[in-house]
Amino acid sequence: MAACAPSLDSAPSLRQPFDHGLLERGAQLAAIGDCYGCHTARDGAPFAGGVAMHSPFGTIYSSNITPETQTGIGAWSERAFARALREGVRRDGAHLYPAFPYDRFSLTSDDDVHALYAYLMTRTPVHATPPSNELAFPFNMRWGLALWKAMYLRTPTPAARNDASAARGSYLVEGLGHCGSCHSPRNALFAEERDRAYQGGDLDGWHAYAIERHTKAPIPWDADALAFYLRNGWHPGHGVARGSMGLVTEQLRDAPEADVRAMAAYVVNLMGAPTPQRSAQGRELGAAPLASARNGPGRGGEIYRTACLECHDGTRPMPFGGLPLTLSLGLHGESPRNLINVILHGLGPGEGQTSPVMPGYAGALDEDQVVDLVTWLRANLTDETAWPDFRKLVRESAAMDASQLMFPPGGAGTDPLAAKAP
Amino acid sequence: MAAFELNGRNVTVDAEPDTPLLYVLRDGLKLNAAKYGCGLGQCGACTVMVNGEAVFSCLTPVSMIEGKRVTTLEGLGTALAPGKLQQAFIDEQAAQCGYCIPGMMMRAAALLAKTPHPTDAQIREAMQPNLCRCGTHMRILRAVKRASE
């Protein structure tokens, strides 16, 4: 791969009106890829970019992907668009940073690229230039990315022919859906670690949990529950999506149900069949969530009983009632990061929609009290071993601005009460 | 037992550690400005300040405020000598039924302590956790603005 790729012509190859069916398919694919989530800043115009992504090398800002000719992709031909998506090369030939997950988008088919192009080229053009990337030398030298791509770009493998739905799930999860971009640990070069795929990763203040056999979900996921969660942003046995996952589920509401089901089935397959013991525990928890809760001594318990249990007692239906915390992956997962974020910053109300709301305790709880509470919750409401020292995470979360951490909150659908969970 | 500073005075209360601060204030100390609304931290009627931050006193166990500085509406002024923020709420006639107003004022007081001259957008964002069922929001926002001028 060349250190710099050629610049491509600026005349869009398609200026005629796009077929309506093509646009609809493009919209659905864009929802699965969550283009909106990374390319729309808080209070910014859709797809106009400017969202900051933090990497070990510095801050990268997402680009304007509206069809505006000077600052967006209005002058891009479909060929240039396809090259950017699948090879990570800008129209002028410069390499793009892998914060844009072209290492996975490389798997996207020609037909799907065509539909995505049609969809994005018919959005409202917005004149907006994102802030410049803040990267330290040598990471500000884009030519080095050619080498990165040679090592990490994925190539499509022939789909299994025997099961169309399984092939579809694999294609969407591994490619456009780029689940692994957040849910896999990254190496020193910010590439996903292939041999630890889907074992969980940290990104922008959140932890994306393991979604393979290391999953700690107290009630093992099944495909029905996961498909419901992905499309609605909550499930009575698992809680609500928050952080960037809230954005993902908000988008997946607009994806075809069959596609989301295929993705859910693929991910549940990654998790593997739970052991009989886990299944039995899950059934017990589902039947009587708080029966296994212990009530050990400590200040954390006092906080839990007054501040948490009032809502998280399982007497009000989800998503507006609090999840009994024995069911929360936040308490059981491999990292306390998300639990700490939610304790400190709560769940903000959805903009112009019904949604679960939780007050943040940043003002009420000091650092020691958060540490006490998190330690107590883990010890009394789960059978997991204590987390290693996490005081640093509490400090990091407290220093973050809630709005920067929370994204525009998604979570519940337009009418969560009408949705019936499996 | 819990000892803390309340409106500038040191107090010691005899209560179970997980008793909500709201109950201690209203039942034990007879300070009735903070109101019981939902008991779930969703309405803001119980808002008081702890170490300068607005908190829901209904969800705050008294053991958590040991040694801290609590300010309730009573700490901002009296009926005869209202504080600046209280006077601004009177001037704008911001109360209809008035149930939410003590919480509104404490939320606003916490904002103004940190940001003495907030923009309209900052006021809206800060006041967002507190609900008013009568619908005097516009007057409340004007009162907070007035108090900052």
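## Exercises: a sheet and an interface

In this predicted model, chain A holds an open sheet of three strands in the order 1-2-3, with antiparallel pairing. Strand 1 (52-55) and strand 3 (134-135) of chain A stand at the edges, so each has a single partner strand and one side without a neighbour in the sheet.

**Exercise 1.** Determine how strand 1 of chain A is joined to strand 2 of chain A, and by how many bridges.

*Solution.* 
- Step 1. Strand 2 of chain A covers residues 58-61; strand 1 runs antiparallel to strand 2, and four bridges join the two.
- Step 2. For individual positions, take A:S55, which is opposite A:G58 of strand 2.
- Step 3. Then take A:M53, which faces A:I60 of strand 2 as its opposite residue.

**Exercise 2.** Find the bridge partner of A:T59 in strand 3 of chain A.

*Solution.* 
- Step 1. Strand 3 of chain A pairs with strand 2 of chain A over two bridges, in the antiparallel sense.
- Step 2. Within strand 3, A:E134 is the bridge partner of A:T59.

**Exercise 3.** Describe the side of chain A that touches chain B by its residue classes.

*Solution.* 
- Step 1. Count the residues in the contact: chain A gives 14 and chain B gives 18.
- Step 2. Locate the largest share on the chain A side: helix 13 (residues 299-308) of chain A supplies six residues.
- Step 3. Sort the chain A side by class: seven residues are nonpolar, three polar and four charged.

Methods
Residues are numbered from 1 along each chain as its sequence is written. Chains are lettered from A and ligands numbered from 1 in the order in which they are written. This is a predicted model: local features need pLDDT of at least 70, side-chain atom pairs count only at pLDDT 80 or more; totals for chains, interfaces and linings use all residues. Two strands pair if DSSP finds at least two bridges between them. Two residues are in contact if their C-beta atoms, placed from the backbone, lie within 7 Å. Ala, Val, Leu, Ile, Met, Phe, Trp, Tyr, Cys and Pro count as nonpolar, Asp, Glu, Lys and Arg as charged, and the others, Gly among them, as polar.
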